[in-house]
Amino acid sequence: MAREPEATVGGVAVDTRHWIGGERVDSAETFADVSPIDGRVLAEIARGTGTEAAAAVAAAKTAFPAWAATPPAERARLLHAIADGVEQRLEELALVETHDNGALLRSHRRGVMPRVAHNFRFFADWLLGLAHEDFETRGHRNHVSWDPAGPSVLITPWNAPLMLATWKIAPALAAGNSVVLKPAEWSPLTASLLADIAAEAGLPAGVFNVVQGYGTEIGDALTSHPDVRRISFTGSVPTAKRIAASAAANLTPLSLELGGKSPLLVFADADLDLAVQLAVEQYDNAGQVCLAGTRLLVEDSVAAEFTRRFVDKAAALKQGDPRDEATDIGPNIHARQLDKIDGFVRRALDSGARAVIGGHRQDGLYYAPTLLTDVAQDSEIVQEEVFGPVLTLQTFVTEDEAVALANDTRFGLAATLATGDPERAERVTAKLVAGTVWVNCFFVRDLKAPFGGSRQSGVGREGGTWSFDFYCDVKNTVTAPKGWLSHG
Ligand code: NAD
């Protein structure tokens, strides 16, 4: 008997099948998608394998030439139509995402989903303004153009599913590429809704495809496929290494947005209330934020006062159901993730760390916001990404020491500093290894800006023209002036 392909999540109907070549496609097997809020099975999702991967790439390959030849203004119009669809279904998207990944409904409503729509609008508009000034070489004109690269595989994580996916989908489509999206298995639902929205907006069949499944089962077939021209991945470092190895078969260009262990430096000259505010914000999304400044590095002379104010502020955070408007911290995504978080904390405590606050699980999938001190620079808790509401605090005496501690991990995604001295900010920023540095602020991100990580936090940058550089084959055409004799 055929299964019921639709699930109802937060009152919203979601198709649980793949979206390939403009049609819903089922798989023989399914996997359970569980809500982190209460452990309820939300949906049985079609569990893709190499067969569905091959079908999706084939659909993307078929659709590519016509989409690549579609005038930029028409591509931009369709992207704006998708943004309209996102805005029309904003409440539904917000509800489904919250049930699926447990992040705050209020953030999805007011921040994340409007940003999803903006992703489409921004790259649609950027496409139309994309230009490089022509330049001359001995009378010859150099003209730079951005040619669509081809079918692109986009693989995304669960911590901000639709926001991160559309950050890739929008520029890939704007550039004229066709897309195969593989959302994370712990939060696949809004990708399916986006497929409906794109179809309703009039995007031609096969230009956007969604395949679902476990990365370990479907990933290789996507990333080693010879017809795939770009792979953009956001996720963990170990997975990135597997993908890079798989993509090596065809030397497929990769963009990798990976993990971090970012520092938040607090100097004695900082506005301490602001510094504390910035530090407490690192618990957002239950600490499941790649950019989070999880290593608090505080100048020794203000460390006691900073800690006192931090503890007061953190104590006021309300942990609970992410659908409740008053909640500040929701659950973590999955029992496995919670075990991982608790394992990090247990090992840190066993090796001499002290929990200033937290340090333990709560009921369900909730973890108490945690601050650990007495941690060694070379310890696991300082060096490895926890991806949960766990911060460490270390102190420093000199600026050089602060910079040395900040840079001493294998990551380089972001850094935040709190200081009242603009000259210090400039000095320190110049020495930090990070794709993004925030001075007296956090999480301010403009799509015009380059985004990405250094060291093992990533390869490449996306945003604005950087995205088009990645999703296109950039071409330089050199034209001789009239009457030019090439041997002259
Ligand atoms: P993950 O690496 O486990 O999974 C990410 C995606 O990769 C999922 O869709 C998964 O199914 C897929 N995948 C797994 N194995 C694969 C394989 N062999 N081939 C192809 N695809 C495969 O990461 P996660 O746990 O979902 O996400 C958390 C990580 O993502 C953290 O490290 C976090 O820092 C990082 N992250 C980075 C950014 C950034 O922009 N730098 C943003 C968000 C999250």
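Entries follow in the order I looked things up.

**Entry 1: the model.** I'm working from a predicted model, not an experimental one.

**Entry 2: Val 428.** I started with where Val 428 sits, and found it in helix α14, which covers residues 422-431. Buried or exposed, I wondered about Val 428? The relative accessible area came out at 0%, and the cut-off for buried is under 20%, so Val 428 counts as buried. Leaving out residues up to four places away in sequence, I listed what Val 428 touches: Phe 267, Glu 399, Val 403 and Leu 417. I also checked Val 428 against Asn 159; they are 269 residues apart in sequence, and their C-alpha atoms are 30 Å apart in space.

**Entry 3: the interface.** I got 24 residues of domain 1 in contact with 31 residues of domain 2. About 2,400 Å² is buried between the two domains, with carbon and sulfur atoms giving 54% of that. On the domain 1 side, Trp 158, Trp 186 and Arg 455 supply 26% of the area buried against domain 2, more than any other three residues.

**Entry 4: polar side of things.** How many salt bridges are there between domain 1 and domain 2? I count 3. I also noted 16 residue pairs in polar contact between the domains, both partners at pLDDT 80 or more. On the side of domain 1 that touches domain 2, α3 (90-101) and α4 (105-129) are the elements giving two or more residues. By class, that side has 9 nonpolar, 9 polar and 6 charged residues.

Key
Residues are numbered from 1 along each chain as its sequence is written. This is a predicted model: local features need pLDDT of at least 70, side-chain atom pairs count only at pLDDT 80 or more; totals for chains, interfaces and linings use all residues. Side-chain values use heavy atoms; hydrogens and water are left out. Helices (H or I, at least four residues) and strands (E, at least two) are DSSP runs, numbered from the N terminus. Buried means under 20% relative accessible area, exposed over 50%, partly exposed in between (1.4 Å probe, protein chains only). Contact means heavy atoms within 4.5 Å. Buried area is the accessible area (1.4 Å probe) that two parts lose on being put together, summed over both. A salt bridge is a side-chain nitrogen of Lys or Arg within 4 Å of a carboxyl oxygen of Asp or Glu. A polar contact is a pair of N or O atoms within 3.5 Å; within protein, one must be able to donate a hydrogen and the other to accept it, and residues adjacent in sequence count only if both atoms are side-chain atoms. Ala, Val, Leu, Ile, Met, Phe, Trp, Tyr, Cys and Pro count as nonpolar, Asp, Glu, Lys and Arg as charged, and the others, Gly among them, as polar.
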